Amino acid sequence: MSGEAIGIAASVLQALPQPVIVCDTDNTIVFVNYAAEAFFGASLSVLARQKLNDLIAFGSPILNLVETVNSRRSPMTEYRVSVDSSRFGEERIVDVYASPISDTDGRVTLLFQERTMADKIDRQLVSRGAARSVTGLASMLAHEIKNPLSGIRGAAQLLEQTVSEEEVPLARLIREETDRIVDLIDRVEIFGDDRPLEREPINIHVVLDRVKLLARNGVARGISFSEEYDPSLPPVFGNRDQLIQVFLNLVKNASEALERTAKPEIRFSTAFRPGIRIAVTGIAERISLPLEIVIEDNGPGVPSDILPFLFDPFVTTKANGSGLGLALVAKIVGDHGGVIDCDSRPGRTRFRILLPVATAGIPSDFQEALTR
């Protein structure tokens, strides 16, 4: 291979957004691209003095993968592999593509594809399917249940006026529990509301400031707020009231999680993150979701066994919760063409929402960039 060709190959590797590592015959690292430096939190000069065994935890399938590729001299792939390293603050799940560089020198190249965002989008789409199932259930049962409940409530009110003083609390209990069931049904019925929304280009920072004002005077009294906004963020095409409902619900959940935290804090941040694109039913092109809005708190975190199902209906960590709040949030975000995910560990929980840009009034060259 000529020097020019080698230079082009190296430039291509450096341009890849996925981490790439090249190992020698004894697993010594001889090359990493820029993405790998960021992934492992070290420069090439530092990583090149180490072996893959020093970088990847003992017993990892990645080490066996490299050994097998070296012996067979053929490409292999491991899916959903856990990467543990002292350089990380948390576990990462990746797909690893390993391939011999040539038939003679014994070097192996490893490409890491982090599964985090792909898995979260998959779970988001599954949650939307679950929400649609709740929609069908709500449409079928709402009227059938609410009609007899109305009669029960009326009878309980009459009983309160006629029974003895000792029995009044029981009659009141029937009425209050009936009201609670009706309220639950009303919340489920929201999932069946498919009426078209009035939407317009909206400055998301105006929405967040409104949410912060409402929260400070309501559900989040005594909690410190901070923000880190990108002032150049383009507008989102959405419904102002529904977006306020989404973020207010997230702040309410964060406030409840912070009840026993010594110095409770909720942080808002926004950023422009091009590169996330998903397919949407009925639209040929993939939609870009560059608007990132993050609601972060320093509470105890979400239990790991619930986290993958957090946006499913009737999943909740609260003793008296209905499990519909976050499912409704996911539905509204989905109706806006976006996705939501949650990353949580003790001391930090981040809800991240990705939304499309309102292209009306935006220069055509910028619109083209959003759909690439």
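These legends go with close-up views of a predicted model.

**View 1. The whole chain, before zooming in.**
Of its 372 residues, 40% are buried. Take the contacts between residues at least 6 apart in sequence: 63% of them join residues at least 24 apart. The protein exposes about 20,300 Å², and 53% of that comes from carbon and sulfur atoms.

**View 2. The antiparallel sheet, S2-S1-S5-S4-S3.**
This open sheet is built from 5 strands in the order S2-S1-S5-S4-S3, with antiparallel pairing. Its edges are strand S2 (29–32) and S3, each of which pairs on one side only. Ignoring direction, neighbouring strands of this sheet are turned by 25 degrees against each other on average. Helix H5 (residues 61–72) packs on the sheet and touches S3, S4 and S5. The direction of H5 makes about 165 degrees with that of S3.

**View 3. Bridges on either side of S4.**
Zoom in on strand S4 (residues 92–100), which is joined to strand S3 (residues 76–83) by 6 bridges, the two running antiparallel.

**View 4. The mixed sheet, S7-S9-S12-S14-S13.**
Another open sheet of 5 strands runs in the order S7-S9-S12-S14-S13, and its pairing is mixed. Strand S7 (224–228) and strand S13 (339–345) are the edge strands, each pairing on one side only. From one strand to the next, the twist averages 15 degrees. At the S13 end, S13 and strand S14 (residues 348–355) pair in the antiparallel sense over 7 bridges. Arginine meets arginine here: the bridge partner of arginine 345 is arginine 348 in S14. Helix H10 (residues 325–335) lies across S13 and S14, running at about 140 degrees to S13.

**View 5. Helix H8 and its buried side.**
How far apart are the end C-alpha atoms of helix H8 (residues 204–216)? They are 18 Å apart, which agrees with the 18 Å that 13 residues should span at 1.5 Å a residue. The buried residues of H8 are Ile204, His205, Val207, Leu208, Val211, Lys212 and Ala215. They cover an arc of only 155 degrees around the axis, so they sit on the same side of H8. What do the buried residues of H8 pack against? Their neighbours are strand S6 (200–202), S7, strand S8 (236–238), helix H9 (240–257), strand S9 (265–272) and strand S12 (291–297).

**View 6. Phenylalanine 311 in its loop.**
Phenylalanine 311 is found in the loop between S12 and H10. Is this residue buried or exposed, at 8% relative accessibility? Phenylalanine 311 counts as buried, because its 8% falls under the 20% cut-off. Leucine 324 lies 13 residues away along the chain, and the C-alpha atoms of phenylalanine 311 and leucine 324 are separated by 8.4 Å.

Conventions. Residues numbered from 1 in each chain as written. Predicted model: local features only at pLDDT ≥ 70, side-chain atom pairs only at ≥ 80, totals over all residues. Heavy atoms only, no water. Buried < 20%, exposed > 50% of the residue type's maximum accessible area, 1.4 Å probe, protein only. Contact = heavy atoms within 4.5 Å. Areas by Shrake-Rupley, 256 points an atom, 1.4 Å probe, with all protein chains shown as cover. Pairing = 2+ DSSP bridges. Helix = DSSP H or I, 4+ residues; strand = E, 2+ residues; numbered from the N terminus. Axes fitted to C-alpha atoms, helices over the stretch in contact; angles between N-to-C directions. Expected span 1.5 Å × (residues − 1). Arc of directions from axis to C-beta.
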